[in-house]
Amino acid sequence: MLVNRIPKGFFKGSRGLKQGDPLSPYLFIIVVELLGRITVKASSVCLIEGFSISREGFVVPCIQFVDDSLFLLKVEVEGMHNLRCILLIMEVVSSLKANWAKSSVSPMGACSTIGEIASVLGCDIAPLPITYLGLPIGMQASSKELWNPVVKKVGQRLASWKGHYLSKGGKLILLKSVLSNILTYYLSVF
């Protein structure tokens with residue numbers, strides 16, 4: 001800090017950001033971007049082994065959406081220790097804590113060390129399929145059960161208007177808006 005153009009040192013902020021502060025989402029995005037970059041770097045130096053999405057070897061260790069992170073890693077106890085360390089470092093640096101009570105580990109295929117990995121991370125084991133951001137993950141795309149949540153959501157949205165008297169045009173607009181939003185969200189994944 002400069003006082004009359006003379007350096008006087010630093011001052012420490014004491015109030016912090018409150019919920020609803022306009023600056024808060026931008027700072028959060030910067031910190032979460034840092035977590036994404038750290039996981040990519042850790043994957044490139046073989047601390048963790050991410051999911052390869054191309055033949056050229058492009059690896060995605062982490063997918064993030066707002067305040068959710070989905071780590072796609074090879075099931076190794078050492079890699080999970082390294083992931084736990086990365087998340088603890090992020091906690092110290094940013095004061096953002098992972099909520100282990102809401103977290104889970106889901107193995108794809110047979111895994112003999114899943115119990116040990118869950119204890120390393122301090123979270124539960126959730127067998128596939130799981131729901132992430134309202135979408136089923138780990139289910140066959142051709143499975144009829146995959147579309148049950150879509151049918152249920154469309155039915156719930158339309159049921160709220162069932163008692164109202166709508167013209168044919170009103171019903172058509174309602175149907176188009178409900179179907180386009182819900183189905184676009186699901187089909188964008190598949």
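Among contacts in the protein chain between residues at least 6 apart in sequence, what share joins residues at least 24 apart? With contact taken as heavy atoms within 4.5 Å, that share is 45%. The structure is a predicted model, in which local features need pLDDT of at least 70 and side-chain atom pairs count only at pLDDT 80 or more, whereas totals for chains, interfaces and linings use all residues. Residues are numbered from 1 along each chain as its sequence is written, and side-chain values use heavy atoms, with hydrogens and water left out.

The protein chain contains 5 helices and 10 strands, these being DSSP runs numbered from the N terminus (helices, H or I, at least four residues; strands, E, at least two). Its radius of gyration is 23 Å, well over the 16 Å that the globule rule gives for 190 residues, so the chain is more spread out than a compact globule; the radius is taken over C-alpha atoms, and the rule is 2.2 Å times the number of residues to the power 0.38. Along the principal axes, the C-alpha atoms fill a box of roughly 75 × 55 × 35 Å. Buried residues account for 21% of the 190 residues, where buried means under 20% relative accessible area, exposed over 50%, and partly exposed in between (1.4 Å probe, protein chains only).

The largest nonpolar core has 17 residues, of which M80, L83, V105, I117 and L121 touch the most other members; such a core is a set of buried Ala, Val, Leu, Ile, Met, Phe, Trp, Tyr and Cys residues joined through side-chain atoms within 4.5 Å. Helices α1, α2 (77-94) and α3 (114-121) each supply at least two residues of this core, and the largest share, 6 residues, comes from α2. A second, separate core of 7 residues includes V150, V154, I182 and Y186. Apart from neighbours within four places in sequence, I117 contacts V75, E76, V77, M80 and V105.

Helix α2 also holds N82, which counts as buried at 19% relative accessibility. Beyond its neighbours within four places in sequence, N82 is in contact with L47 and I48.

In contrast to N82, buried at 19%, I30 is exposed, with a relative accessible area of 56%. I30 lies in helix α1 (residues 24-44) and, together with L23, Y26 and L27, makes a nonpolar surface patch of about 420 Å².

Definitions and conventions: Patches are made of residues with over 30% relative accessible area and no salt bridge: like charges are joined within 9 Å, nonpolar side chains (Val, Leu, Ile, Met, Phe, Trp, Tyr) within 5 Å. Accessible areas come from the Shrake-Rupley method with a 1.4 Å probe; for residues, only the protein chains shown count as cover. A salt bridge is a side-chain nitrogen of Lys or Arg within 4 Å of a carboxyl oxygen of Asp or Glu.
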